[in-house]
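Visitor: Please show me the chain, and then take me through its fold by question and answer.

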Amino acid sequence: MQGKHHGEYKVPGGKLVVVDLDVAGGALCGVRVAGDFFLEPDEALDAINGALEGAPSDTDARGLAARIDAALPAGAVLFGFSSEAVGIAVRRAVADAADWTDFDWQIVHEAPQPPALHMALDEVLTQEVAAGRRQPTLRVWEWDRPAVIIGSFQSLSNEVDPEGAARHGVSVVRRISGGGAMFVEPGNTITYSLCVPDALVQGLSFAESYAYLDDWVLAALGDMGINAWYKPLNDIATDAGKIAGAAQKRVASGAVLHHVTMSYDIDADKMVEVLRIGREKLSDKGTTSAKKRVDPLRRQTGLPRAEVIDRMIASFRSRYGGTDGAVSPSELARAQELAAGKFSSPEWLGRVP
(Lines give C-alpha, C1' and ligand atoms only; values in the text may rest on other atoms or scores of the structure.)
Protein backbone atom coordinates (compact mmCIF):
# COMPACT_ATOMS: atom_id res chain seq x y z
CA MET A 1 0.00 0.00 0.00
CA GLN A 2 1.41 3.36 -0.99
CA GLY A 3 1.80 6.24 1.42
CA LYS A 4 0.54 9.73 0.76
CA HIS A 5 3.80 10.57 -1.02
CA HIS A 6 5.42 8.54 -3.78
CA GLY A 7 8.83 9.28 -5.30
CA GLU A 8 10.99 7.61 -7.91
CA TYR A 9 14.58 8.19 -8.95
CA LYS A 10 16.37 6.34 -11.74
CA VAL A 11 20.08 6.32 -11.00
CA PRO A 12 21.94 7.43 -14.17
CA GLY A 13 23.37 4.23 -15.60
CA GLY A 14 21.96 2.33 -12.63
CA LYS A 15 18.74 1.11 -11.07
CA LEU A 16 15.36 2.54 -10.06
CA VAL A 17 14.74 3.56 -6.44
CA VAL A 18 11.12 3.93 -5.31
CA VAL A 19 10.00 5.44 -2.00
CA ASP A 20 6.55 5.61 -0.43
CA LEU A 21 6.09 7.57 2.78
CA ASP A 22 3.90 9.80 4.90
CA VAL A 23 4.79 13.03 6.66
CA ALA A 24 3.46 13.71 10.16
CA GLY A 25 4.52 16.47 12.51
CA GLY A 26 7.25 17.54 10.12
CA ALA A 27 8.87 14.09 10.12
CA LEU A 28 8.97 11.13 7.74
CA CYS A 29 6.94 8.10 8.76
CA GLY A 30 5.81 4.83 7.21
CA VAL A 31 8.84 4.89 4.93
CA ARG A 32 9.06 2.01 2.46
CA VAL A 33 11.99 1.80 0.03
CA ALA A 34 11.83 -0.52 -2.99
CA GLY A 35 13.34 -0.88 -6.45
CA ASP A 36 15.10 -3.13 -8.95
CA PHE A 37 18.48 -2.61 -7.26
CA PHE A 38 20.61 -5.25 -5.53
CA LEU A 39 21.24 -5.16 -1.79
CA GLU A 40 23.05 -7.46 0.61
CA PRO A 41 22.27 -8.59 3.25
CA ASP A 42 18.46 -8.67 3.16
CA GLU A 43 18.14 -6.95 6.53
CA ALA A 44 19.91 -3.90 5.10
CA LEU A 45 16.57 -2.84 3.60
CA ASP A 46 15.02 -2.73 7.08
CA ALA A 47 18.01 -0.68 8.22
CA ILE A 48 17.45 1.82 5.40
CA ASN A 49 13.75 2.16 6.19
CA GLY A 50 14.50 2.51 9.89
CA ALA A 51 17.15 5.17 9.29
CA LEU A 52 14.65 7.31 7.40
CA GLU A 53 11.83 6.90 9.90
CA GLY A 54 11.45 10.05 11.96
CA ALA A 55 13.88 12.12 9.89
CA PRO A 56 12.85 15.79 9.57
CA SER A 57 10.94 16.08 6.30
CA ASP A 58 13.13 18.97 5.13
CA THR A 59 16.39 16.99 5.41
CA ASP A 60 18.31 17.18 2.15
CA ALA A 61 19.47 14.15 0.18
CA ARG A 62 22.96 14.19 1.66
CA GLY A 63 21.61 14.38 5.18
CA LEU A 64 19.31 11.43 4.51
CA ALA A 65 22.20 9.50 2.98
CA ALA A 66 24.28 10.10 6.11
CA ARG A 67 21.50 8.62 8.26
CA ILE A 68 21.35 5.57 6.01
CA ASP A 69 25.13 5.08 5.97
CA ALA A 70 25.23 5.21 9.76
CA ALA A 71 22.52 2.55 10.03
CA LEU A 72 23.70 0.04 7.43
CA PRO A 73 25.12 -3.21 8.79
CA ALA A 74 28.85 -3.74 8.40
CA GLY A 75 29.75 -5.06 4.98
CA ALA A 76 26.45 -4.07 3.36
CA VAL A 77 26.63 -3.90 -0.43
CA LEU A 78 24.46 -1.51 -2.45
CA PHE A 79 24.67 -2.35 -6.15
CA GLY A 80 23.06 -0.20 -8.84
CA PHE A 81 22.15 2.53 -6.36
CA SER A 82 23.51 4.42 -3.37
CA SER A 83 22.35 5.85 -0.09
CA GLU A 84 22.24 9.28 -1.72
CA ALA A 85 20.01 7.90 -4.49
CA VAL A 86 17.57 6.85 -1.77
CA GLY A 87 17.80 10.34 -0.32
CA ILE A 88 16.98 11.85 -3.70
CA ALA A 89 13.97 9.55 -4.10
CA VAL A 90 12.77 10.64 -0.65
CA ARG A 91 13.15 14.32 -1.59
CA ARG A 92 11.14 13.69 -4.75
CA ALA A 93 8.44 11.91 -2.76
CA VAL A 94 8.14 14.75 -0.26
CA ALA A 95 7.99 17.26 -3.13
CA ASP A 96 5.36 15.16 -4.96
CA ALA A 97 7.57 15.25 -8.06
CA ALA A 98 6.14 14.10 -11.36
CA ASP A 99 7.52 11.17 -13.33
CA TRP A 100 8.36 11.08 -17.05
CA THR A 101 5.41 8.79 -17.75
CA ASP A 102 2.96 11.22 -16.13
CA PHE A 103 3.03 13.36 -19.30
CA ASP A 104 1.82 13.11 -22.87
CA TRP A 105 5.13 13.91 -24.54
CA GLN A 106 5.23 15.75 -27.84
CA ILE A 107 8.11 14.98 -30.20
CA VAL A 108 8.97 17.74 -32.66
CA HIS A 109 11.43 17.18 -35.53
CA GLU A 110 11.03 19.73 -38.30
CA ALA A 111 12.89 21.07 -41.33
CA PRO A 112 16.21 22.95 -41.00
CA GLN A 113 15.94 26.39 -39.43
CA PRO A 114 18.35 29.31 -38.84
CA PRO A 115 20.30 29.51 -35.56
CA ALA A 116 18.50 32.61 -34.23
CA LEU A 117 15.14 30.90 -34.73
CA HIS A 118 16.31 27.85 -32.77
CA MET A 119 17.29 30.14 -29.88
CA ALA A 120 13.85 31.75 -30.00
CA LEU A 121 11.97 28.45 -30.27
CA ASP A 122 13.66 27.19 -27.11
CA GLU A 123 12.46 30.27 -25.23
CA VAL A 124 8.92 30.24 -26.63
CA LEU A 125 8.26 26.50 -26.25
CA THR A 126 9.58 26.46 -22.68
CA GLN A 127 7.32 29.40 -21.80
CA GLU A 128 4.38 27.56 -23.37
CA VAL A 129 5.09 24.46 -21.27
CA ALA A 130 5.33 26.64 -18.16
CA ALA A 131 1.95 28.20 -18.99
CA GLY A 132 0.34 24.79 -19.49
CA ARG A 133 -0.48 25.50 -23.14
CA ARG A 134 1.98 22.90 -24.46
CA GLN A 135 2.72 19.36 -23.37
CA PRO A 136 6.31 18.58 -22.34
CA THR A 137 8.32 18.44 -25.53
CA LEU A 138 11.36 16.74 -27.01
CA ARG A 139 12.48 18.85 -29.99
CA VAL A 140 15.20 17.63 -32.30
CA TRP A 141 16.86 20.49 -34.18
CA GLU A 142 17.96 20.65 -37.80
CA TRP A 143 20.40 23.41 -38.74
CA ASP A 144 20.27 25.36 -42.01
CA ARG A 145 23.82 26.72 -41.69
CA PRO A 146 26.98 26.41 -39.56
CA ALA A 147 26.93 28.33 -36.32
CA VAL A 148 28.58 29.10 -33.03
CA ILE A 149 26.21 29.34 -30.07
CA ILE A 150 27.72 30.97 -27.02
CA GLY A 151 26.41 30.63 -23.48
CA SER A 152 24.32 33.36 -21.89
CA PHE A 153 27.18 34.60 -19.72
CA GLN A 154 30.17 34.09 -22.01
CA SER A 155 32.28 36.92 -23.37
CA LEU A 156 31.77 37.23 -27.12
CA SER A 157 35.31 38.48 -27.75
CA ASN A 158 36.87 35.77 -25.57
CA GLU A 159 35.01 32.90 -27.22
CA VAL A 160 34.73 33.71 -30.92
CA ASP A 161 37.34 34.62 -33.53
CA PRO A 162 35.31 36.96 -35.79
CA GLU A 163 37.72 36.63 -38.71
CA GLY A 164 37.54 32.83 -38.57
CA ALA A 165 33.76 32.91 -38.31
CA ALA A 166 33.47 35.24 -41.31
CA ARG A 167 35.94 33.21 -43.36
CA HIS A 168 33.95 30.00 -42.85
CA GLY A 169 30.48 31.59 -43.11
CA VAL A 170 29.63 30.74 -39.49
CA SER A 171 26.74 32.59 -37.82
CA VAL A 172 27.20 33.58 -34.19
CA VAL A 173 24.27 33.66 -31.73
CA ARG A 174 23.82 33.75 -27.97
CA ARG A 175 21.43 31.37 -26.19
CA ILE A 176 19.43 31.92 -23.01
CA SER A 177 21.16 29.14 -21.05
CA GLY A 178 24.60 29.20 -19.50
CA GLY A 179 27.50 26.91 -20.29
CA GLY A 180 30.12 26.93 -23.01
CA ALA A 181 30.28 27.65 -26.71
CA MET A 182 28.98 25.13 -29.26
CA PHE A 183 30.31 24.78 -32.79
CA VAL A 184 27.74 23.20 -35.10
CA GLU A 185 27.51 22.25 -38.75
CA PRO A 186 24.28 20.93 -40.31
CA GLY A 187 25.45 17.41 -41.11
CA ASN A 188 27.85 17.03 -38.21
CA THR A 189 25.72 17.86 -35.17
CA ILE A 190 22.75 16.36 -33.34
CA THR A 191 20.98 18.86 -31.09
CA TYR A 192 17.82 18.42 -29.04
CA SER A 193 15.86 20.29 -26.40
CA LEU A 194 13.67 19.08 -23.57
CA CYS A 195 11.05 21.61 -22.45
CA VAL A 196 9.62 20.21 -19.22
CA PRO A 197 7.53 21.34 -16.26
CA ASP A 198 9.61 21.94 -13.17
CA ALA A 199 7.51 19.24 -11.45
CA LEU A 200 9.65 16.68 -13.28
CA VAL A 201 12.82 17.80 -11.49
CA GLN A 202 11.33 18.54 -8.07
CA GLY A 203 13.52 17.21 -5.27
CA LEU A 204 16.63 17.29 -7.46
CA SER A 205 19.51 19.69 -7.10
CA PHE A 206 20.61 21.65 -10.16
CA ALA A 207 23.45 19.19 -10.79
CA GLU A 208 21.24 16.14 -10.19
CA SER A 209 18.71 17.40 -12.72
CA TYR A 210 21.35 17.35 -15.46
CA ALA A 211 22.06 13.66 -14.90
CA TYR A 212 18.35 12.87 -14.54
CA LEU A 213 17.36 14.56 -17.80
CA ASP A 214 20.29 13.01 -19.68
CA ASP A 215 19.65 9.43 -18.55
CA TRP A 216 17.38 8.46 -21.45
CA VAL A 217 20.01 9.37 -24.03
CA LEU A 218 22.65 7.32 -22.20
CA ALA A 219 20.34 4.33 -22.65
CA ALA A 220 19.77 5.19 -26.31
CA LEU A 221 23.53 5.36 -26.89
CA GLY A 222 23.95 2.07 -25.05
CA ASP A 223 21.50 0.45 -27.46
CA MET A 224 23.82 1.60 -30.26
CA GLY A 225 26.81 -0.03 -28.60
CA ILE A 226 28.25 3.08 -26.94
CA ASN A 227 29.19 2.96 -23.27
CA ALA A 228 28.30 6.54 -22.29
CA TRP A 229 28.00 8.22 -18.94
CA TYR A 230 27.15 11.58 -17.40
CA LYS A 231 30.24 13.59 -16.47
CA PRO A 232 29.48 16.47 -14.05
CA LEU A 233 28.42 19.10 -14.55
CA ASN A 234 27.16 19.02 -18.10
CA ASP A 235 29.06 16.57 -20.34
CA ILE A 236 28.24 13.16 -21.79
CA ALA A 237 31.41 11.13 -22.16
CA THR A 238 32.52 7.76 -23.51
CA ASP A 239 35.69 5.71 -23.27
CA ALA A 240 36.90 7.54 -26.40
CA GLY A 241 36.16 11.08 -25.18
CA LYS A 242 33.41 13.65 -24.84
CA ILE A 243 30.51 13.38 -27.28
CA ALA A 244 28.00 15.90 -25.95
CA GLY A 245 27.43 18.90 -23.71
CA ALA A 246 24.23 20.05 -22.02
CA ALA A 247 22.91 23.37 -20.75
CA GLN A 248 19.82 24.43 -18.80
CA LYS A 249 17.63 27.43 -18.21
CA ARG A 250 14.98 27.62 -15.50
CA VAL A 251 11.92 29.69 -16.39
CA ALA A 252 10.50 31.56 -13.41
CA SER A 253 6.93 30.65 -14.35
CA GLY A 254 7.58 26.94 -13.85
CA ALA A 255 9.53 25.06 -16.54
CA VAL A 256 13.02 23.88 -17.39
CA LEU A 257 14.81 24.05 -20.73
CA HIS A 258 17.46 21.34 -21.06
CA HIS A 259 19.27 21.19 -24.38
CA VAL A 260 22.12 19.01 -25.59
CA THR A 261 24.50 19.22 -28.54
CA MET A 262 26.11 15.97 -29.66
CA SER A 263 29.02 15.66 -32.08
CA TYR A 264 28.06 13.26 -34.86
CA ASP A 265 31.13 14.35 -36.81
CA ILE A 266 33.42 17.33 -36.41
CA ASP A 267 35.77 19.47 -38.45
CA ALA A 268 38.21 20.13 -35.62
CA ASP A 269 40.51 22.29 -37.75
CA LYS A 270 37.64 24.62 -38.63
CA MET A 271 36.40 24.64 -35.03
CA VAL A 272 39.69 25.92 -33.64
CA GLU A 273 39.76 28.66 -36.29
CA VAL A 274 36.30 29.85 -35.23
CA LEU A 275 36.44 29.31 -31.45
CA ARG A 276 39.11 30.63 -29.14
CA ILE A 277 39.69 27.33 -27.35
CA GLY A 278 42.27 28.17 -24.72
CA ARG A 279 45.05 25.95 -23.49
CA GLU A 280 43.65 26.05 -19.95
CA LYS A 281 40.32 24.60 -21.07
CA LEU A 282 41.95 21.81 -23.06
CA SER A 283 44.26 21.04 -20.15
CA ASP A 284 41.30 20.95 -17.77
CA LYS A 285 39.71 18.29 -19.99
CA GLY A 286 42.84 16.16 -19.85
CA THR A 287 43.94 16.64 -23.44
CA THR A 288 46.19 18.93 -25.46
CA SER A 289 44.23 18.80 -28.72
CA ALA A 290 40.70 19.83 -29.67
CA LYS A 291 40.66 16.86 -32.05
CA LYS A 292 41.19 14.49 -29.14
CA ARG A 293 38.79 16.27 -26.80
CA VAL A 294 35.66 15.39 -28.81
CA ASP A 295 35.10 11.93 -30.30
CA PRO A 296 32.26 11.90 -32.84
CA LEU A 297 29.29 9.56 -32.88
CA ARG A 298 29.88 8.75 -36.54
CA ARG A 299 33.09 6.91 -35.73
CA GLN A 300 31.71 5.25 -32.61
CA THR A 301 28.43 4.00 -34.12
CA GLY A 302 29.17 3.61 -37.83
CA LEU A 303 25.56 4.68 -38.40
CA PRO A 304 24.21 7.48 -40.62
CA ARG A 305 23.27 10.62 -38.69
CA ALA A 306 19.57 10.22 -39.56
CA GLU A 307 19.55 6.69 -38.17
CA VAL A 308 21.20 7.80 -34.93
CA ILE A 309 18.42 10.39 -34.51
CA ASP A 310 15.71 7.84 -35.36
CA ARG A 311 17.11 5.41 -32.80
CA MET A 312 17.29 8.11 -30.15
CA ILE A 313 13.65 9.06 -30.69
CA ALA A 314 12.60 5.40 -30.71
CA SER A 315 14.41 4.85 -27.42
CA PHE A 316 12.67 7.88 -25.88
CA ARG A 317 9.27 6.60 -27.04
CA SER A 318 9.93 3.13 -25.65
CA ARG A 319 10.63 4.60 -22.22
CA TYR A 320 8.16 7.46 -21.95
CA GLY A 321 5.80 7.35 -24.92
CA GLY A 322 5.38 10.36 -27.16
CA THR A 323 3.36 11.50 -30.14
CA ASP A 324 4.53 13.42 -33.17
CA GLY A 325 3.95 17.14 -32.72
CA ALA A 326 4.77 20.40 -34.39
CA VAL A 327 5.45 24.02 -33.57
CA SER A 328 2.08 25.77 -33.80
CA PRO A 329 1.57 28.78 -36.11
CA SER A 330 1.26 31.10 -33.11
CA GLU A 331 4.40 29.69 -31.47
CA LEU A 332 6.31 30.06 -34.73
CA ALA A 333 5.14 33.65 -35.18
CA ARG A 334 6.31 34.55 -31.68
CA ALA A 335 9.63 32.78 -32.23
CA GLN A 336 10.19 34.53 -35.57
CA GLU A 337 9.58 37.88 -33.89
CA LEU A 338 12.06 37.04 -31.13
CA ALA A 339 14.59 35.73 -33.64
CA ALA A 340 14.45 38.90 -35.73
CA GLY A 341 14.53 41.14 -32.68
CA LYS A 342 16.23 39.87 -29.54
CA PHE A 343 18.35 37.04 -30.90
CA SER A 344 19.58 38.91 -33.99
CA SER A 345 20.34 42.12 -32.16
CA PRO A 346 23.90 43.33 -31.54
CA GLU A 347 22.79 44.25 -28.00
CA TRP A 348 21.89 40.66 -27.10
CA LEU A 349 24.86 39.05 -28.84
CA GLY A 350 27.28 41.52 -27.27
CA ARG A 351 25.66 41.82 -23.86
CA VAL A 352 28.86 40.32 -22.43
CA PRO A 353 31.37 41.91 -24.84
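**Notes on the predicted model**

Guide: Aspartate 122 is found in helix α4 (residues 115-130); helices (H or I, at least four residues) and strands (E, at least two) are DSSP runs, numbered from the N terminus. This is a predicted model, in which local features need pLDDT of at least 70 and side-chain atom pairs count only at pLDDT 80 or more, while totals for chains, interfaces and linings use all residues. Residues are numbered from 1 along each chain as its sequence is written, and side-chain values use heavy atoms, with hydrogens and water left out.

Visitor: Does aspartate 122 count as buried or exposed?

Guide: The classes rest on relative accessible area: buried is under 20%, exposed over 50%, and partly exposed in between (1.4 Å probe, protein chains only). Aspartate 122 has 2% relative accessibility, so the class is buried.

Visitor: Which residues does aspartate 122 touch, not counting those up to four places away in sequence?

Guide: Contact means heavy atoms within 4.5 Å. One of the residues touched by aspartate 122 is Cys195, and cysteine 195 is itself buried, at 1% relative accessibility.

Visitor: How many disulfides does the structure hold?

Guide: A disulfide is a pair of cysteine sulfur atoms within 2.5 Å. By that criterion the number held by the structure is 0.

Visitor: In what order do the 3 strands of the open sheet lie?

Guide: Two strands pair if DSSP finds at least two bridges between them. Here 6 bridges join β1 to β2 (residues 16-24), and 7 bridges join β2 to β3. The pairing is antiparallel, and the order is β1-β2-β3.

Visitor: Why is one side of β1 and of β3 left without a neighbour in the sheet?

Guide: Strands of a sheet pair through backbone hydrogen bonds, either parallel or antiparallel. In this open sheet, ordered β1-β2-β3, β1 (5-10) and β3 (27-35) each have a single partner strand, so one side of each lacks a neighbour because both stand at the edges.

Visitor: By how much are neighbouring strands of this sheet turned against each other on average?

Guide: Axes are lines fitted to C-alpha atoms, for helices over the stretch in contact, and angles run from 0 to 180 degrees between N-to-C directions. For neighbouring strands of this sheet the direction is ignored, and the average is 20°.

Visitor: Which helix packs on the sheet?

Guide: The helix touches β1, β2 and β3, and its direction makes about 140° with that of β1. It covers residues 83-94 and is α3.

Visitor: Which residue in the turn between β2 and β3 has a positive phi?

Guide: β2 and β3 form a hairpin with 2 residues between them. Across these two strands, valine 18 stands opposite alanine 34 in β3. The positive phi, about 60°, belongs to glycine 25.

Visitor: How is cysteine 29 classed by relative accessibility?

Guide: Cysteine 29 lies in strand β3. Leaving aside neighbours within four places in sequence, its contacts are Leu21, Asp22, Val23, Ala24 and Glu53. Its relative accessibility is 22%, so cysteine 29 counts as partly exposed.

Visitor: What is the radius of gyration of the protein chain?

Guide: The value is taken over C-alpha atoms, and the globule rule is 2.2 Å times the number of residues to the power 0.38. With 353 residues, a compact globule would come near 20 Å; the protein chain agrees with this, at 22 Å.
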